[in-house]
Amino acid sequence: MGQAIEVEPQVVGDVTIFATDRGLTGQDGSGYESAAEAAADERFPGRLAQRLFAADDQLDSIWIASNTAVLRRPGGWDDATVTSTADVISDFFLYY
């Protein structure tokens, strides 16, 4: 059930901006600098951040606001990492 989220990534140095076709949070947004910090937030952005930190241990900052997730990965991004991260976001609302 659920529907995959359309994700459009844009890499800018150590940061990738993942724009989506639906809202992930309200306008205020939420930021996380660790998996533990994300785990303390039971709302949707905290749950998504937990999944993202679990999928890539090189992330050191996640900001989720409205329909955008901004992730920082010191050392940069390769194509495979961008794709796998986009897949985590895309599948966030899927459940069976």
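Analyst: Let's start with a term: two strands count as paired if DSSP finds at least two bridges between them. One more thing to know is that this model is predicted.

User: Thanks! What makes strand 4 and strand 5 a pair?

Analyst: Strand 4 (residues 61-65) and strand 5 (residues 68-72) are joined by 5 bridges in the antiparallel sense. The cut-off is at least two bridges, so they pair. One of the partners in strand 5 is Arg72, bridged to Ser61. The two strands form a hairpin with 2 residues between them, and Ser66 in the turn has a positive phi of about 55°.

User: And how do you know that strand 3 pairs with strand 4?

Analyst: Strand 3 (residues 30-32) is joined to strand 4 by 3 bridges, and the two run antiparallel. With at least two required, they pair as well. Here Tyr32 has Ile62 as its bridge partner in strand 4.

User: Why is strand 4 called largely enclosed?

Analyst: Of its 5 residues, 4 are buried, so strand 4 is largely enclosed by the rest of the structure.

User: What makes Asp56 buried or exposed?

Analyst: Asp56 has 6% relative accessibility. Buried means under 20%, so Asp56 counts as buried. You'll find Asp56 in the loop between helix 2 (44-55) and strand 4. Beyond its neighbours within four places in sequence, Asp56 is in contact with Arg73 and Thr81.

User: Which residues touch the most other members of the largest nonpolar core?

Analyst: Among its 21 residues, those are Phe18, Leu52, Ile62 and Leu71. Helix 2, strand 4, strand 5 and helix 3 (79-90) each supply at least two residues of this core. Leaving aside neighbours within four places in sequence, Leu52 has contacts including Ile62, Leu71 and Val88.

How values were computed:
Residues numbered from 1 in each chain as written. Predicted model: local features only at pLDDT ≥ 70, side-chain atom pairs only at ≥ 80, totals over all residues. Heavy atoms only, no water. Buried < 20%, exposed > 50% of the residue type's maximum accessible area, 1.4 Å probe, protein only. Contact = heavy atoms within 4.5 Å. Core = buried A, V, L, I, M, F, W, Y, C linked by side-chain atoms within 4.5 Å.
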